[in-house]
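Trainee: I have a protein model open. Please show me how to read its features.

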Amino acid sequence: MGASQCQRLATLIRNCGKLPGIKTVLLMGGSNAFSNGIDLNAIEASTNPAEESHRSIEAVNGVAKAIFSNHDKLVVSVLRSSAGAGGVMIALVADLVLAD
């Protein structure tokens with residue numbers, strides 16, 4: 001995921017925590033991958049790869065923090081396929097991890 005995608009996901013997770021009607025948050029990737037973390041292609045294409053890399057890592061950390069800080073909701077990661085790098089961290093910080 002790119003930094004902006006991670007930031008949107010973190011915001012959505014935080015917003016779910018504020019909604020009383022939501023009891024559980026499911027994080028589910030596609031059938032080919034849960035998540036591989038940061039988007040290396042976006043970093044490579046950036047005019048400043050070092051800055052974009054740092055921004056992306058901070059954004060993935062923000063997703064993990066949003067999940068970990070969501071105390072009122074059960075957060076479940078559903079892995080139907082592989083996960084790599086930051087995607088593993090995002091999956092494992094959930095309250096429950098289901099893997100196929």
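**Reading the model**

Mentor: Start with a pair of charges. The side chains of Arg55 and Glu52 form a salt bridge, at 3.3 Å from N to O. The term means a side-chain nitrogen of Lys or Arg within 4 Å of a carboxyl oxygen of Asp or Glu. Side chains of opposite charge can pair when their charged atoms come close. By this rule the count is one salt bridge.

Trainee: Where do Arg55 and Glu52 lie?

Mentor: Both are in helix α3, three residues apart, about one turn of the helix. Helices (H or I, at least four residues) and strands (E, at least two) are DSSP runs, numbered from the N terminus.

Trainee: What should I know about the source of these values?

Mentor: This is a predicted model: local features need pLDDT of at least 70, side-chain atom pairs count only at pLDDT 80 or more, and totals for chains, interfaces and linings use all residues. Residues are numbered from 1 along each chain as its sequence is written, and side-chain values use heavy atoms, leaving out hydrogens and water.

Trainee: What average pLDDT does the protein chain have?

Mentor: pLDDT is the predictor's confidence in each residue, from 0 to 100. Where pLDDT is low, the predicted coordinates should not be read in detail. Here the protein chain averages 93, and 100% of the residues score at least 70. Among the elements, strand β2 (residues 33-35) has the lowest mean, 89. Strand β3 (residues 74-79) has the highest, 96.

Trainee: Is Arg55 buried or partly exposed?

Mentor: Buried means under 20% relative accessible area, exposed over 50%, and partly exposed in between (1.4 Å probe, protein chains only). Arg55 is partly exposed because its relative accessibility is 37%.

Trainee: Which residues does Ser56 touch?

Mentor: Contact means heavy atoms within 4.5 Å. Ser56 is also in helix α3 (residues 49-68). Leaving aside residues up to four places away in sequence, Ser56 touches Ala3, Ile38 and Ile43. Ser56 is buried because its relative accessibility is 2%.
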